[in-house]
Amino acid sequence: MKVRVGFIGLGAMGFPMAVNMAEAGHDVLGMDIDEAVMQRFMETGGKAALSVAEIVAHSDVVVTMLPAGDHVKACVAELIGAGYSSKLLVDFSTIGVEAARDVHELCARHGIRVLDAPVTGGVMGAEKGSLTVMVGGSHDDFQAAKPVLEAVGASITYAGGPGCGQAVKVCNNMAAGIIKIAVCEAFALAERLGVDKKVLFDVASHGSANCFALTTTCPVPGLVPTAPSSHGYKGGFATRLMLKDMKLAQSAAAAYGVPVALGSAATSLYEHCTQAGLGDLDNSIIFKVVNGDFSYQSNK
Ligand code: NAD
């Protein structure tokens, strides 16, 4: 089914997602506040809107892929101001649970049907159309949005009511962030104890420490050829984005009174890593901090 889509936010993730939606047959009108981004979008054959009003006039479904909650709330306010109503809004941005629930409430007051639909899979997943999408909102709206979701995602899960997509995303990423550091600590300790990194890798990957952070995104260079660590920590999932997600999990945990001691400690380490100027590198770079290659002063 061909859908008229208004796509707001054509950055590292949004641009390839918009391209994939157009390639899937949808009628996509794109918009970004960055003129250079808009230029690039038009040069690759994208149809560009110059205002939110144009997006509203064109779209049966508006999708957003924006940096953070404040950007999404401001954008929703603009959509409301331009008369968007009775139609679907799918927010793919990672904005955390509280902001998503605020957006759901705001949209409900103005008759907009909304889904929070954060993604994992990074820029590579966005380019391949193989993102994992976690969706919160009404199940009927989830069904209605399927043609649009399927154009960008290979794994699409209905997570529950408003905010549940964001909840799944922050819980998953908090666990992934903690596990990555656990793997780093094991390798740092093994090295000091005189154990070859390959020996620990072989034993752990067939034993109880086996996990994605070990066998797919191993933080120690030279053990997994395709891991970012084996390519100067380039590509992968940027440390600054991991820090953003860890902080969103911390904020949700504080709001709901859940003690997340390991999540808190891990957040401090990613913060240090980012402050040390490593934020654009893959989050596996945390190995360098854990291994003592960069100084770490705990403030606890
Ligand atoms: P990005 O900064 O590359 O893109 C965001 C785009 O939004 C920019 O082009 C910016 O100009 C535009 N923008 C900001 N405010 C706007 C507005 N009011 N109207 C129109 N355009 C506006 O960021 P990204 O890496 O594409 O990430 C987008 C979202 O996806 C974030 O929430 C991020 O946490 C999440 N995410 C990113 C990745 C990743 O690997 N990059 C992975 C998963 C999820």
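Hi everyone. Let's start at valine 195, which sits in the loop between helix 8, residues 164-192, and helix 9, residues 197-205. Before we go further, please keep in mind that this is a predicted model.

Together with Leu189, Leu193, Val199 and Val203, it makes a nonpolar surface patch of about 470 Å².

Let's stay with helix 9 for a moment, because serine 205 is found there too, and this serine counts as buried because its relative accessibility is 13%, where the cut-off for buried is under 20%. What does the side chain of serine 205 have around it? One of its polar atoms lies 2.7 Å from the backbone oxygen of phenylalanine 201. The backbone oxygen of aspartate 202 is 3.4 Å from a polar atom of that serine side chain.

Now for the ligand. How many residues surround the ligand? There are 20, and the closest are Ala12, Met13, Asp32, Leu66 and Lys244. If you sort the shell by class, you get ten nonpolar residues, six polar ones and four charged ones. Which helices each supply at least two residues of this shell? They are helix 6, residues 122-128, and helix 11, residues 239-256.

For methionine 13, the distance from a polar backbone atom to a ligand oxygen is 2.8 Å. For alanine 12, a polar backbone atom is 2.9 Å from an oxygen of the ligand. And at proline 67, a ligand oxygen lies 3.1 Å from a polar backbone atom. As for how much of the ligand gets covered, on its own it exposes 830 Å², and the protein buries 84% of that.

One last stop, please: lysine 146, in helix 7, which covers residues 139-150. Lysine 146 counts as partly exposed, because its relative accessibility is 24%. Where does isoleucine 156 lie relative to lysine 146? The two are ten residues apart along the chain, and their C-alpha atoms are separated by 8.8 Å.

That's my tour, from the loop at valine 195 to the helix that holds lysine 146.

Terms used
Residues numbered from 1 in each chain as written. Predicted model: local features only at pLDDT ≥ 70, side-chain atom pairs only at ≥ 80, totals over all residues. Heavy atoms only, no water. Patch = residues over 30% accessible without salt bridge, like charges linked within 9 Å, V, L, I, M, F, W, Y side chains within 5 Å. Areas by Shrake-Rupley, 256 points an atom, 1.4 Å probe, with all protein chains shown as cover. Salt bridge = Lys/Arg side-chain N within 4 Å of Asp/Glu carboxyl O. Helix = DSSP H or I, 4+ residues; strand = E, 2+ residues; numbered from the N terminus. Near = heavy atom within 4 Å. Polar contact = N/O pair within 3.5 Å; in protein donor to acceptor, adjacent residues only side chain to side chain. Nonpolar A, V, L, I, M, F, W, Y, C, P; charged D, E, K, R; others polar. Buried < 20%, exposed > 50% of the residue type's maximum accessible area, 1.4 Å probe, protein only.
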